[in-house]
Amino acid sequence: MTNIPASSSTPNLIQQPDQGRRSEKQSRKIRDLLTSTISHGLIIFVGMFFAVPFLWMILTAFKSDQDVFHSPPRWLPYDNVRVDVNGEQLPLYNVKIEDGTIKQLAVIKILEGIGTFVDPANPGEILTYKLQQGAERIAEPIMEVSFRWQNFPDAMNRGSRPGVGASFWVYFKNSLIIAFFTILGTLISNAPVAYAFARIKFPGRDTLFVIILATMMLPFQVTMIPIYLLFNDKLGWGDTFLPLIIPTFFANAWDVFLLRQFFRTIPEEMCDAARVDGASEWQIFTQLILPLSTPVLATVTVFTFLWAWNDFTGPLLFLNSPRNFTMALGLQDFQGQKTIVWNQLMAAATVFTIPIIIAFFFAQKTFIQGIKLTGSKE
Amino acid sequence: MDKLQPPERKLFSFKLPLKVVWTKRTKADFRTGMLFLSPWLIGFLAFTLYPMVVSFYYSFTIYHSRRAPDWVGLQNYKVLFTDDKFWIALSNTMYMVAIAVPLGLFASFLCAVLLNLKVRGQAFYRVVYFLPSIVPTVAGTILFLWLLNPQVGLVNTLLAQIGIDGPNWMADPQWSKPALILLGMWGMGGTIIIYLSGLQDVPQSLIEAAELDGANWLQRLWHITIPMVSPITLFNLITGMIGMFQYFAQAYVVGGGDKLGRPLNSTLFYSVYLYQNAFLFLKMGYASAMAWILFIIILIFTLLLLKVSDRFTYYAG
């Protein structure tokens with residue numbers, strides 16, 4: 001990283017100048033290699049903190065029921081080997097039979113400690129064994145590395161609670177509907193407001209801009225109760241998507257600020273020229289500014305999707321019946337059950353995350369740009 | 001310290017629209033402006049100003065949802081100060097603000113410095129550090145409940161392999177908040193990116209000049225990089241703090257919905273207790289008083305930070 005120490009290393013004064021230069025070159029090479037190795041090592045070490053939990057979510061989603069609680073946990077998912085016996089997929093076990101040899105048998109059922117087995121090589125023969133003989137357990141499942149894709153349909157087809165009458169597919173659909181209208185409302189309502197703050201000169205503009213910025217400091221908790229009572233009791237919108245969607249059609253400080261910052265980078269002379277030509281503000285906004293603003297509108301779209309998809313408090317306040325749950329609510333409900341099916345829970349969590357990951361990889365630049373735009377206000 | 005802060009200066013120097021000379025022209029401009037602003041104006045009146053006024057009024061009443069609010073003056077505020085759970089919730093929240101926010105900023109900065117090193121695969125590493133931050137909050141929280149499961153969780157298993165007896169994490173009042181801090185740090189990718197863009201804006205000429213003067217890597221970091229990114233630190237500190245005062249979803253998920261604050265009220269954060277009062281105990285007036293106290297705390301902290309930061313923040317140009 002530093003060149004100074006490399007050039008000041010002088011253990012080779014007595015050597016030939018040529019040799020000296022070579023060894024100096026060599027020592028710099030070693031130094032660079034060392035620096036790069038340490039850098040890589042540090043980045044990877046810290047990176048594990050970010051990567052391992054993420055991978056663990058996905059790996060758990062692929063585990064079989066037996067493997068989830070295996071102690072100690074194994075990295076890769078394991079599942080019972082299955083064999084086809086008379087058209088049925090049966091789990092294969094290692095069974096120690098009377099003469100002490102171990103035989104691979106398929107299990108038909110295990111009831112009250114007595115296992116009913118069948119020999120896959122000789123399907124007609126049914127064998128029964130008491131599984132616990134003295135201190136010894138005579139049958140052990142044969143496990144192999146196997147990704148259980150079935151967890152995903154299993155998780156999605158179930159509800160968050162037994163007998164709830166709505167599946168995670170419904171929650172997924174609800175989240176999509178809410179996200180779609182939230183994006184629509186945000187795009188329609190914020191752009192004109194931001195344009196007025198960026199490019200129209202009118203009395204009182206700066207005062208209003210200070211007010212809109214000040215609303216960023218207002219915690220949601222202050223307005224939460226009256227808004228809840230307004231939507232729920234006065235308007236009767238409880239348990240519908242309306243309380244989550246309607247407010248997004250009335251602009252918000254964050255997006256107005258983001259859009260305004262961008263609009264201000266568009267040369268004012270262009271607007272002035274259009275004004276001289278007799279264009280109205282609305283024409284300038286729709287025909288000049290908006291077409292130039294696709295990057296920032298994409299940023300707003302991506303971030304609004306992220307926000308709406310992730311939102312928990314809003315749906316928690318307004319949605320009561322499971323058929324209206326969003327993914328966030330459904331997942332929380334699923335986790336709150338007495339017996340937690342971790343592999344299916346992680347499968348549902350993975351499905352919940354996938355749309356965002358897809359959005360990220362399609363719009364990586366947009367993501368990063370947006371974060372920088374919101375972060376660099378000073 | 002008698003120098004006015006930029007936001008304050010803005011607040012006190014605006015011209016009231018009344019002083020404007022109303023000509024045909026300014027009237028027309030005003031009308032156009034208001035037309036463009038109308039979505040926000042309506043939204044502001046309906047979803048910000050009206051609720052603020054009403055909530056302020058509720059805070060002086062006893063209001064049990066369906067029954068009409070009953071004026072009681074300052075009673076809610078007085079009761080709050082003697083409410084043990086209020087103080088528990090406030091101190092839990094202050095713990096997070098005082099520890100999780102600075103720790104997160106410090107760690108984000110270090111991660112950004114790492115990701116700014118010129119190494120092969122830099123772009124890939126950046127994605128790895130960033131990805132967890134876009135995992136939905138509820139999914140991330142549930143994932144950490146699973147990772148930090150005392151018996152079969154991955155973390156305690158790995159700790160056991162190196163001879164450490166892992167704590168009970170979310171089941172132990174001593175460890176539940178550190179567990180939540182870990183969860184928060186896992187998702188700090190956004191802050192890392194902001195710092196990273198700040199690091200890239202540090203003028204190369206400054207660093208080279210310091211290098212020529214014989215400053216080592218650490219000295220350059222301390223005397224150039226950290227002062228140069230101080231406005232970003234201030235911004236992240238303020239937004240992080242405001243967000244942390246409203247910490248809710250993660251704690252709600254950890255509480256499993258019906259056991260909010262568990263274990264032993266150690267995750268009973270301010271917003272959680274406020275939610276409980278408003279929607280589970282249906283004490284809407286009491287909860288409104290809590291909300292206003294929260295607002296005032298946030299205001300005081302923000303202004304304080306802006307004032308103190310004047311000494312420590314360096315604005316280039």
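So, to start: why does B:Leu37 count as buried? With 26 C-beta neighbours inside 10 Å, B:Leu37 counts as buried. The cut-off for buried is 20 or more other C-beta atoms within 10 Å of the residue's own, while exposed is 12 or fewer and partly exposed is in between, with C-beta atoms placed from the backbone.

Quick housekeeping. This is a predicted model, where local features need pLDDT of at least 70 and side-chain atom pairs count only at pLDDT 80 or more, though totals for chains, interfaces and linings use all residues. Residues are numbered from 1 along each chain as its sequence is written, and chains are lettered from A, ligands numbered from 1, in the order in which they are written.

Back to our leucine. B:Leu37 sits in helix H2 of chain B. Helices here are DSSP runs of H or I, at least four residues, and strands are runs of E, at least two, numbered from the N terminus. Leaving aside neighbours within four places in sequence, B:Leu37 is in contact with A:Val193, A:Ala196 and A:Leu208. Contact is when two C-beta atoms, placed from the backbone, lie within 7 Å.

Now zoom out to the interface. Here 79 residues of chain B are in contact with 80 residues of chain A. On the chain B side, helix H2 (residues 24–58) gives the largest share, 19 residues. That side divides into 59 nonpolar, 18 polar and 2 charged residues. For the classes, Ala, Val, Leu, Ile, Met, Phe, Trp, Tyr, Cys and Pro are nonpolar, Asp, Glu, Lys and Arg are charged, and the others, Gly among them, are polar.

Chain B as a whole, then. You'll find 15 helices and 2 strands in chain B, and its C-alpha trace spans about 65 × 60 × 35 Å along the principal axes. Of its 317 residues, 38% are buried. The domain assignment, which is automatic or from a database, gives chain B domain 1 (20–58) and domain 2 (77–312). Their centres, over C-alpha atoms, are 36 Å apart.

One helix pair to look at: H4 (residues 84–115) and H8 (residues 176–186) of chain B. Their axes come within 10 Å and cross at roughly 35°. Those axes are lines fitted to C-alpha atoms over the stretch in contact, with angles from 0 to 180 degrees between N-to-C directions. Residues on the H4(B) side include B:Ile99 and B:Leu103, and on the H8(B) side B:Ile181 and B:Met185 are among them. By class, that contact has 8 nonpolar, 2 polar and 1 charged residues.

Over to chain A. The assignment gives domain 1 (4–59), domain 2 (82–141) and domain 3 (158–375), with 46 Å between the C-alpha centres of domains 1 and 3.

What about A:Asp255, buried or exposed? A:Asp255 counts as buried, because 24 C-beta neighbours are inside 10 Å. A:Asp255 is in helix H9 (residues 253–263) of chain A, and beyond four places in sequence it touches A:Thr186, A:Asn190 and A:Val300. A:Asn190 is 65 residues away in sequence but 6.4 Å away in space, C-alpha to C-alpha.

Last, the cores. A nonpolar core is a set of buried Ala, Val, Leu, Ile, Met, Phe, Trp, Tyr and Cys residues joined through C-beta atoms within 7 Å. The largest has 148 residues, and those with the most contacts inside it include A:Val256, A:Ala348 and B:Ile192. Another core, of 9 residues, lies apart from it, with A:Leu90 and A:Val118 among them.
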